[in-house]
Amino acid sequence: MKKFLSDIYKVNDKILDQYISHWTEYSIPKKTIITESGKTERYIYFVEEGIQKSYYLNEGKEHIMFFAYNPSFSGVIESFLTQTPSRYFLETITDSKLLRLSYKKHSELIQENRELETLFRKITEQFLLGIIERHHHLMAFNTETRFKKFTKRSPHLLNMIPQKDIASYLRIDPTNFSKLINTIKL
């Protein structure tokens, strides 16, 4: 986690070590809902092991927004930052080992130290850029191009995440996804 954060923005080691010392281990089995729609996200998570998915339900169908896996943050960030009820679910796809920090402690530490505040501003900027890029892909590219870009960026996930979940994430009909995976050379 320290390397991950330091690669984003260099914070004084003593300050960063103190911040990281407040995170606690949290292990959770696969297919477990961590955050429910309608509940407020009380923690920010850092993935050490495992994969999680964030999704919303529409007419009983899952629409996957993102996957989280090592090394990255996880959680329903909008709910965490605003401390308002989530519109989404966060669920484990595999057994997961996470580190977590409460909103209260995170806020206290950020307010106490300008370097941590800058770090999380930069993290938020990266998150926003990722969302803009994802939105662009969904709006501008056809299904084959979205699939190819996904497999180029994250080929390892093809063997780790159920195909129906990847199809949902890419907004591709599962039948068409199956055809794509069998016709496109990876």
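In the predicted model, the lining of the second largest pocket comprises 3 nonpolar, 2 polar and 6 charged residues. The space within this pocket amounts to about 220 Å³. Its lining is formed by K61, E62 and H63, together with K164, D165, A167, S168, R171, I172, D173 and P174. Two elements, β5 (61–69) and α7 (163–170), each give two or more residues to this lining. Of the contributing elements, α7 gives the most, with 4 residues.

Helix α7 also packs against α6. Two packed helices are described by the angle between their axes and the distance between the axes. For α6 and α7, the angle is about 120 degrees and the axes lie 10 Å apart. The two helices are therefore oblique to each other, since an angle of 65 to 115 degrees would be needed for a roughly perpendicular arrangement and one over 145 degrees for a roughly antiparallel one. The crossing of α6 and α7 is right-handed. On the α6 side, the contact involves R146, F147, F150 and R153, which meet I166, Y169 and L170 of α7. By class, the residues of this contact divide into 5 nonpolar and 2 charged, with no polar residue.

A further packing arrangement links α6 (residues 143–153) with α8 (residues 174–183), the axes of which come within 11 Å and cross at roughly 60 degrees. Helices α6 and α8 are therefore oblique to each other. Here α6 passes α8 in a right-handed crossing. The contact brings T143, E144 and F147 of α6 against F177, L180 and I181 of α8. Its residues comprise 4 nonpolar, 1 polar and 1 charged.

Most residues other than glycine have a negative phi, and most peptide bonds are trans. In the loop between β4 (51–58) and β5 lies E59, a residue other than glycine with a positive phi, near 55 degrees. In the loop between β5 and β6 (72–74) lies P71. The peptide bond that joins N70 and P71 is cis, with omega about -10 degrees.

Key
Residues are numbered from 1 along each chain as its sequence is written. This is a predicted model: local features need pLDDT of at least 70, side-chain atom pairs count only at pLDDT 80 or more; totals for chains, interfaces and linings use all residues. Side-chain values use heavy atoms; hydrogens and water are left out. On a 1 Å grid over the protein atoms alone, a cavity is a set of points where a 1.4 Å probe fits but cannot get out, and a pocket is an open set with protein on both sides within 12 Å along at least five of seven lines; lining residues have an atom within 4 Å of a point. Grid points are joined across faces, edges and corners, and a volume is the space filled by probe spheres set on the points. Ala, Val, Leu, Ile, Met, Phe, Trp, Tyr, Cys and Pro count as nonpolar, Asp, Glu, Lys and Arg as charged, and the others, Gly among them, as polar. Axes are lines fitted to C-alpha atoms, for helices over the stretch in contact, and angles run from 0 to 180 degrees between N-to-C directions. Angles under 35 degrees count as roughly parallel, over 145 as roughly antiparallel, 65 to 115 as roughly perpendicular and the rest as oblique. A crossing is left-handed if the near helix is turned anticlockwise from the far one by less than a right angle, and right-handed if clockwise. Contact means heavy atoms within 4.5 Å.
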